[in-house]
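Okay, thanks for coming, everyone.

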Amino acid sequence: MDKKILVVDDEQNIAGAIAYAFRREGYIVEIAYDGEEALKVAASFKPNVMILDVMMPKLNGYDVCRKLENRSGMGVIMLTVKNDIVDKVIGLELGADDYMTKPFDLRELVARAKALLRRMESKPEEEVQLVEISDLRLHRQNRTVQLNHTALDLTPKEFDLLALLISHPERVYTRDELLDLVWSMDYAGGTRTVDIHMQRLRKKLGDSYQHLLQTVYGVGYKALRELPE
């Protein structure tokens, strides 16, 4: 297995235990003990998944999420001792793909990372591999999105959400359906997670293309076949 995991936690015993659990599963693992080191290691190591503690010196986990560059292809699972829904929502708003509260079971953390990797790697044969709407091009196979010939920096879940919606234009999905199809597990924040990711997607698509993604009030979301006039 050549998948890479970056463990970021200032508590060395916790970081070591997490790293050991993933190495036992055959993953390549690096450790960083503060936020600044995490950014440097992430840039060179290019992990597939980052296990990111929130409360750390120098830069906390939220700041690391804000400063991460080239998030496409990198999943983030945040860890915290807090169990407040507000903290979980903040993490999801900043692009985290999952959230676990300490203390946690290492087996569950590994299982969630594996599920995230499967979701990132999935390339359904029955799905159209290239979707084009005006100057927006989404490539399923290499998981990239270009708008006006410029690559959009989307998180794995933002990509999956956009790909699902624009691949099935005019089909209305409820929030529960999107949570099940894109996340496939019970996530902190429930259907609020869908709304947060939709807001982030629209912001990244910009003033013109954000209108491709329509809210169906009282139900959920859908994508249009073409840009509205």
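I'll go through the nonpolar cores, then a sheet, then a few single residues.

Keep in mind that this is a predicted model.

Let's start inside. The largest nonpolar core has 30 residues, and the ones touching the most other members are L162, I166 and L213. Several elements give two or more residues to this core: the strands β6, β7, β8 and β12, plus the helices α6, α7 and α8. Which of them gives the most? That's α6, with seven residues.

If you skip its neighbours within four places in sequence, L162 is in contact with L138, V145, L154, L201, L205 and L213. There's also another core lying apart from this one, with 22 residues, including V54, L59, C65 and A96.

Now the sheet. We've got an open sheet of three strands here, in the order β10-β12-β11, with antiparallel pairing. The edge strands are β10, at 173–174, and β11, at 213–216, and each of those pairs on one side only. Between β11 and β12 you'll find four bridges.

Buried or exposed? T155 is buried, because its relative accessible area is 1%, and the cut-off for buried is under 20%. Leaving out neighbours within four places in sequence, T155 is in contact with R71, G95, D97, R200 and K204.

As a reminder, most residues other than glycine have a negative phi, and most peptide bonds are trans. Here, K102 and P103 are joined by a cis peptide bond, with omega at about -5 degrees. You'll find P103 in the loop between β5 and α5.

Then there are two positive phi values in residues other than glycine. One is K46, with phi near 50 degrees, in the loop from α2 to β3. K46 counts as exposed, since its relative accessibility is 54% and the line for exposed is over 50%. The other I'd point to is N148, with phi near 55 degrees, in the loop between β8 and β9. At 43% relative accessibility, N148 counts as partly exposed.

That's my tour, so over to you.

Technical notes
Residues are numbered from 1 along each chain as its sequence is written. This is a predicted model: local features need pLDDT of at least 70, side-chain atom pairs count only at pLDDT 80 or more; totals for chains, interfaces and linings use all residues. Side-chain values use heavy atoms; hydrogens and water are left out. Buried means under 20% relative accessible area, exposed over 50%, partly exposed in between (1.4 Å probe, protein chains only). Contact means heavy atoms within 4.5 Å. A nonpolar core is a set of buried Ala, Val, Leu, Ile, Met, Phe, Trp, Tyr and Cys residues joined through side-chain atoms within 4.5 Å. Two strands pair if DSSP finds at least two bridges between them.
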